[in-house]
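Keep the viewer open as you read.

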Amino acid sequence: MTAPIPRDIPDLPAIPGVPAFLPSPVPATAVVTPVRHPVAALYRVLVALVAAAAVTVEILLTSPIRALSYFAVQSAVLLAAVFLLSARRAWKARRPLPSALTGATLLYATITALVYHVLLTNASSPFALTGAAAHPTGWHAVTTHLLHTAIPAAAVADWLFLTAPGRLHLRQAATWLLYPLAYLLFTFTRGELIPPGTPGRYLYPFLDVDLHGYKSVLGNALLLGLSMYALAILLIALDHARPNPIRHRAKTGFRLQPPVG
């Protein structure tokens, strides 16, 4: 004899179809265990301190206004600030800085090195430096080497060996050129405010209006801008093609065992 079916159980509604899964409100950071990167943090702090020291010595050797007018010094100041912030996030296992900011820092550091070694110190370049500017001595030689060679190389090394790939995007390339454009306008404004004939009125030979005129300088700036854009695209392409140097195995809390038998 079977038990009677209770009458107080309501009828279940008919299922019209397979229900869609709702998006989980739990953020990914609550599921994936944060990973600290102490080596990257210490490296970036060291690079930031070297950049800050180079900028400080350069200011003491010349003057704050003149030193801070150089593209190399400005890019070094930006790199020091970005690397300190990035080091703090790496030490505390927080999300990295936006790639638009770190990519711009990398691009400006690379531009600093390429312009110096290809245009300013290359004997075959029409804009090669002469005199004391071409062969600095003493502390000027130290800061010149740090700002134009060592610090850009350190930025490239950080990108290649301590940064996850695939974070740079093509849409960011045009935005990165806003700062070089602003620097060009700053150079023209600074030159107009300084009396003609003053030494160092224009800090870079390819931007010297007194020697080449505005037409030639604007042509040089256009060629440099196109080269910078091409360099930005190249960095983005390499960022997506290079291997991941900081890959970590995910900790899921359980381990799959092979089947028995």
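Helix α2 covers residues 38-61, and its 24 residues should span 34 Å at 1.5 Å a residue, which agrees with the 35 Å between its end C-alpha atoms; the expected span is 1.5 Å times one less than the number of residues. Helices here are DSSP runs of H or I with at least four residues, strands are E runs of at least two, and both are numbered from the N terminus. This is a predicted model, in which local features need pLDDT of at least 70, side-chain atom pairs count only at pLDDT 80 or more, and totals for chains, interfaces and linings use all residues. Residues are numbered from 1 along each chain as its sequence is written, and side-chain values use heavy atoms, leaving out hydrogens and water.

Which residues of α2 are buried? They are Ala-40, Ala-41, Arg-44, Val-47, Ala-48, Ala-51, Ala-54, Val-55 and Glu-58, where buried means under 20% relative accessible area with a 1.4 Å probe, protein chains only. An α-helix has 3.6 residues a turn, so residues three or four places apart point the same way. The cover over the buried residues of α2 includes α3 (64-67), α4 and α6 (139-161), with contact meaning heavy atoms within 4.5 Å.

Now zoom out. The protein has nine helices and zero strands. Buried residues make up 33% of its 261 residues. Of the contacts between residues at least 6 apart in sequence, 76% join residues at least 24 apart.

Key: Buried < 20%, exposed > 50% of the residue type's maximum accessible area, 1.4 Å probe, protein only.
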